[in-house]
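My entries follow in the order of looking.

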Amino acid sequence: MIPNYQEYLALEEAAKYSIDKNHSLIAVHGLSLRDQIHVWHWQTEVGDQHKALGEFYENLLETLDQLVEAIMGKYGRISVKSVGSPKPLVDLQDLKNIDAFVDEYIKLFDNFRNTTFKNDTEIQNIIDELVAESLKLKYLLTMS
Ligand SMILES: [Fe+2]
């Protein structure tokens, strides 16, 4: 059947942008994690924490960039139109908060890995790197 004009536009949009909203969501969540850690990097008064948080957000940005570009290489460009910003930034409370916050993201990344990207081992590998960096941060924070 020949699509009408509206359907044609929708098809064109779908071809241009990745159909799976989760492809965009993992990108936006990753950026949100990066921004939050950067804010805490500025707010902490402990030198070792400042350093650990700084290294984390720098490495995260590179790994996230690799991840999103690999996803787009395989599935097409992401679209943030319907995704928005998932988490508002918050001030630094204490170490427990950072640990719990990072844990939430580890769960989130694992969830994407085991559902949306369950058949994409090359993408899973990059998600594993994100998780490994998060675990390293948790460890480094036990020393400050
Ligand atoms: Fe800095």
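Which elements are included in what covers the buried residues of α3? I find that the cover includes α2 and α5. I count two residues as in contact if their C-beta atoms, placed from the backbone, lie within 7 Å. For burial I use 20 or more other C-beta atoms within 10 Å of a residue's own as buried, 12 or fewer as exposed, and anything in between as partly exposed, again with C-beta atoms placed from the backbone.

Entry, basis. I note that this is a predicted model, in which local features need pLDDT of at least 70, side-chain atom pairs count only at pLDDT 80 or more, and totals for chains, interfaces and linings use all residues. Residues are numbered from 1 along each chain as its sequence is written. The average pLDDT (the predictor's confidence in each residue, from 0 to 100) is 90, and 90% of the residues score at least 70.

Entry, overall. I list five helices and zero strands, taking both from DSSP runs numbered from the N terminus (helices are H or I, at least four residues; strands are E, at least two). The C-alpha trace spans about 65 × 30 × 20 Å along its principal axes. Of the 144 residues, 26% are buried. Of the contacts with a separation of 6 or more, 77% are between residues 24 or more positions apart.

Entry, α3. I checked the length of α3 (47-75): its 29 residues should span 42 Å at 1.5 Å a residue, and its end C-alpha atoms are 42 Å apart, so the two agree. The expected span is 1.5 Å times one less than the number of residues. Its buried residues include Phe56, Leu60, Leu64 and Leu67. Glycine 76 follows α3 and has a positive phi, near 105 degrees.

Entry, α4. Helix α4 (residues 95-114) has 20 residues that should span 28 Å, and the 29 Å between its end C-alpha atoms agrees. I find Ile98, Val102, Tyr105, Phe109, Phe112 and Arg113 buried in α4. Seen down the axis, these fall within an arc of 100 degrees (taken from the directions from the helix axis to the C-beta atoms), so they line one face of α4. On the other side, Lys96, Ala100, Glu104, Lys107 and Asn114 are exposed. What covers the buried residues of α4 includes α2 (21-43) and α5 (121-141).

Entry, α5. The 21 residues of α5 reach 30 Å from first C-alpha to last, close to the 30 Å expected. Buried here are Ile123, Ile126, Ile127, Leu130, Ser134, Leu137 and Leu141. They cover an arc of only 100 degrees around the axis, which puts them on the same side of α5. An α-helix has 3.6 residues a turn, so residues three or four places apart point the same way. The face of α5 turned away carries exposed Thr121, Glu122 and Tyr139. The buried residues of α5 pack against α3 and α4.

Entry, core. Which residues have the most contacts inside the largest nonpolar core? I read Phe56, Leu67 and Ile127, in a core of 27 residues. Such a core is a set of buried Ala, Val, Leu, Ile, Met, Phe, Trp, Tyr and Cys residues joined through C-beta atoms within 7 Å. Two or more residues come from each of α2, α3, α4 and α5, and α3 gives the most, with nine. Leaving out residues up to four places away in sequence, isoleucine 127 touches Leu67, Phe109, Phe112, Arg113 and Phe117.
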